[in-house]
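The following paragraphs lead through some local features of a single model. Please keep the sequence and the coordinates in view while reading.

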Amino acid sequence: MAVYLDVIWLLNVCFDSLLLWLTAIMLKRDVVWWRVLFGAFIGASLVVMMFTPFSMYAQHPAIKTVFSFLIVFVTFGFKRIRYFLENLFAFYFVTFTVGGGMIAVHYFLQRQIDIHASVLTTYSLGVGDPVSWMFVLLGFPALWLFSRARINGIREKKLRFEHIVDVLIVFDGIPLQLKGLIDSGNQLYDPLSKMPVMIVEMNKVKEVLPEELVQHIQLGKSMDWINNEQLEKWVHRLRIVPYRVVGSEQQFLVAIRPDRIMIFYEQQWLEIEKGLVGLNETNLSADGEYECIIHPKMVQTGKRLTAS
C-alpha cells in the first residue's frame with residue numbers, strides 16, 4: 001500500500017485550521033489567519049513524525065498534550081492562565097466533537113461484516129482506500145458546518161435563557177406567574193404617565209381577568225365599559241399605548257395597570273412600582289420559552305425586596 005505523506009500532511013493542515021477556526025468562533029476570539037495556519041502546521045508536524053524514527057515518541061500521550069498546548073499558544077496567545085485554559089479545553093471539545101462525529105458517521109455508513117456460505121467474515125478497506133479519503137474530504141466540511149451552526153445556536157439560546165426570568169403579576173388580588181424575557185428592544189412607554197410597558201400574551205392574562213373585560217378588549221367596545229358595573233372599576237386601569245413596527249403604520253396596544261409586578265432577577269425579587277401590562281393577541285415565543293417581554297427599565301428601577 002502506497003502512503004502519500006505530502007497528501008496526509010496537507011489534509012491535516014486543513015483539518016487543524018478548520019478546528020482552530022471553529023474554536024475561535026465558539027469563544028468569539030479575534031484570531032489572525034497566519035497564526036491559525038501556523039498552529040495547524042505544528043499539529044500536522046506531529047503526524048509527519050509518526051512516519052519517522054521518532055514515531056514511538058510522537059504517539060505518546062504526553063507528547064500529544066505538549067503539542068496541543070503549543071498549538072493553542074501559537075494560535076491564541078497567552079494573556080492569563082484562565083484565558084489559555086478556556087482556549088485549550090474549547091479546542092479539545094471541538095476536536096472530540098468533530099472527530100467523534102466523523103467516526104460515528106463512518107461506521108454508520110460502512111459495512112464491515114458479511115456472511116458467505118454461513119461463515120461470518122469481516123474486512124477493512126484501509127486508510128489508503130479512495131472511497132475513505134473521499135468520505136473524509138466531503139464529510140469533514142459538512143460536519144464542520146453542522147457543528148458551527150449548532151454552536152451558534154447553543155450560544156444564542158444560552159444568551160436568551162440568561163435573560164429569561166420569573167415574573168409575578170397580580171390583578172385584583174389574583175396572582176399570575178409567567179416566564180419573561182428581558183429585551184432591550186422593548187421601549188414601549190405610556191405617553192401620558194411615562195410608565196414602561198411589559199408585553200404579555202393575552203391567553204395568559206385572560207385567566208385572571210373578568211371574561212367581560214377580555215371580550216370588550218378583543219372586540220374594541222370601549223364605549224360600553226362605563227355602563228357595565230362589573231367593569232367600571234377597571235376603567236381607571238386601562239391605557240392605550242401607541243407603537244410602530246418597521247414596515248407598518250402606527251398601531252395601538254391595550255395596556256392594564258396591575259396591582260403588583262415582581263421580577264426575580266439575579267437571585268432576588270424586584271418590585272416594580274410603576275409599570276403597565278400590554279396585552280398581545282399572538283404568542284410571543286414559538287416554543288413557549290417565555291410568555292411576556294419585560295421592559296429593561298423595569299429591571300433598572302425595580303426595588304429590591306428584603307426578607308422581613
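Phe67, Ser68, Ile71, Val72, Val74, Thr75 and Phe76 are the buried residues of H4, where buried means under 20% relative accessible area, exposed over 50%, and partly exposed in between (1.4 Å probe, protein chains only). The model is predicted: local features need pLDDT of at least 70 and side-chain atom pairs pLDDT 80 or more, while totals for chains, interfaces and linings use all residues. Residues are numbered from 1 along each chain as its sequence is written, and side-chain values use heavy atoms, without hydrogens or water.

Helices (H or I, at least four residues) and strands (E, at least two) are DSSP runs numbered from the N terminus. H4 covers residues 61–76, and at 1.5 Å a residue its 16 residues should span 22 Å, which agrees with the 22 Å between its end C-alpha atoms. The expected span is 1.5 Å times one less than the number of residues. Just after H4, Gly77 has a positive phi of about 80°.

Elsewhere, Trp34 lies in helix H2 and is partly exposed, its relative accessible area being 47%.

Asn280 belongs to strand S10, residues 276–280. With a relative accessible area of 18%, Asn280 is buried. Leaving aside residues up to four places away in sequence, Asn280 touches Ile199, Val200, Glu201, Met202 and Leu253; contact means heavy atoms within 4.5 Å. A polar atom of the Asn280 side chain also lies 2.8 Å from the backbone oxygen of Thr282.

Key
Polar contact = N/O pair within 3.5 Å; in protein donor to acceptor, adjacent residues only side chain to side chain.
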